[in-house]
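Here is a briefing on one chain. It covers contacts, overall dimensions, backbone geometry and helix packing.

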Amino acid sequence: MNNQHLDTVRQWYPNALTSIETIDRLLDTIEKYLGLKPEQLMHADSMCCDDVNAIQYPPRAYQMLGPFKMGGLNGYPFAGLTGMNAFAHHVPENGAVVVFYAPHIGITNQGVIGEISRIGQHVNSACCGAAKGALGKLLSGQIIEGNINSLDFQMNTIEQIFLHHKERILAAQNQIFEATQVMYEAIDDRIEVLVKQTHYPCKYVILVGAIFINGDKEMGSFCQYKKFDYINLESGERNSLMTEYYL
Ligand SMILES: [Zn+2]
């Protein structure tokens, strides 16, 4: 059953795994190569506040401390420097900070991207709703340069990100797929800036960037990693564990 759904998801994301397998591999790789157990890890995530992400969150992630919630709509790290600093000071001294960040996107069991069937509903709904909303506004020319209003600050921020990549999104074969990639790059850029400006009183900072994929209610969730780096805070050295993750 799961394999069939994974095949559907892999039409879009060829290296995706179920999120259950993703978290198993993450924790096993960290333990094997860095010698740290889950209870030595302070976990922060920057994911969309959509309830489906809470419903489909992989349970084993709770073996780590946290999660501290960095994200707002579509996973942009709206908690900012204050958020990053807060959990940096909650980490076990001999442990590591694990920051998982990802925009999310729905894929139905028919392989339709950008929507899902939710529990108790017979019609599909948008996923990520914020990304689809911003994309709709981009297509109809409704996004005004510089328009960020405190009433809808997070949504307006996503609109501006899409506006700044308008040509690329409009030219794409699948616009919501491309907009999600644009969102990933914007989140990744911002996380890197926040990490550079934060002091962590522990051994490692581990950065995991991904696309989080929500399936229909019976499908569960999936994840395609795009970055799995660790920074040794003593030496400043940075390495990738992506090859080890896929072993
Ligand atoms: Zn969302």
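Residues 24 or more positions apart account for 67% of the contacts in the chain with a separation of 6 or more. Two residues are in contact if their C-beta atoms, placed from the backbone, lie within 7 Å. This is a predicted model: local features need pLDDT of at least 70, side-chain atom pairs count only at pLDDT 80 or more, and totals for chains, interfaces and linings use all residues. Residues are numbered from 1 along each chain as its sequence is written.

**Overall dimensions**

- The chain holds 9 helices and 10 strands. Helices (H or I, at least four residues) and strands (E, at least two) are DSSP runs, numbered from the N terminus.
- The radius of gyration is 18 Å, which agrees with the value near 18 Å for a compact globule of 247 residues. That radius is taken over C-alpha atoms, and the globule rule is 2.2 Å times the number of residues to the power 0.38.
- Along the principal axes, the C-alpha atoms fill a box of roughly 50 × 45 × 30 Å.
- Of the 247 residues, 42% are buried. Buried means that 20 or more other C-beta atoms lie within 10 Å of the residue's own; 12 or fewer means exposed, and in between is partly exposed, with C-beta atoms placed from the backbone.

**Backbone geometry**

- The peptide bond from Gly 66 to Pro 67 is cis, with omega near 10°. Pro 67 sits in strand β3 (residues 65-69).
- Cys 127 and Cys 128 are also joined by a cis peptide bond, and here omega is about 0°. Cys 128 belongs to the loop between β7 (125-126) and α5 (129-139).
- Asn 74 is a residue other than glycine with a positive phi, near 50°. The loop between β3 and α4 (80-88) contains Asn 74. Asn 74 is buried, with 32 other C-beta atoms within 10 Å.

**Tyr 57**

- Tyr 57 is in the loop between α3 (51-55) and β3.
- With 17 other C-beta atoms within 10 Å, Tyr 57 is partly exposed.
- Tyr 57 and Gln 11 are 46 residues apart along the chain, and their C-alpha atoms are separated by 22 Å.

**Packing of α5 with α6**

- α5 and helix α6 (residues 153-163) pack at an angle of about 55°, with their axes 9 Å apart. Axes are lines fitted to C-alpha atoms, for helices over the stretch in contact, and angles run from 0 to 180 degrees between N-to-C directions.
- That angle makes α5 oblique to α6. Under 35 degrees counts as roughly parallel, over 145 as roughly antiparallel, 65 to 115 as roughly perpendicular and the rest as oblique.
- The α5 and α6 crossing is right-handed. Right-handed means that the near helix is turned clockwise from the far one by less than a right angle; anticlockwise is left-handed.
- Residues making the contact include Ala 130, Leu 135 and Leu 138 of α5, and Met 155, Ile 158 and Phe 162 of α6.
- The contact residues divide into 9 nonpolar, 1 polar and 2 charged. Ala, Val, Leu, Ile, Met, Phe, Trp, Tyr, Cys and Pro count as nonpolar, Asp, Glu, Lys and Arg as charged, and the others, Gly among them, as polar.

**Packing of α5 with α8**

- Helix α8 (residues 175-196) packs on α5 at an angle of about 110°, with the axes 10 Å apart. The two are therefore roughly perpendicular.
- The crossing of α5 and α8 is right-handed.
- Ala 131, Lys 132 and Leu 135 of α5 meet Gln 175, Ile 176, Ala 179, Thr 180 and Met 183 of α8.
- This contact has 5 nonpolar, 2 polar and 1 charged residues.
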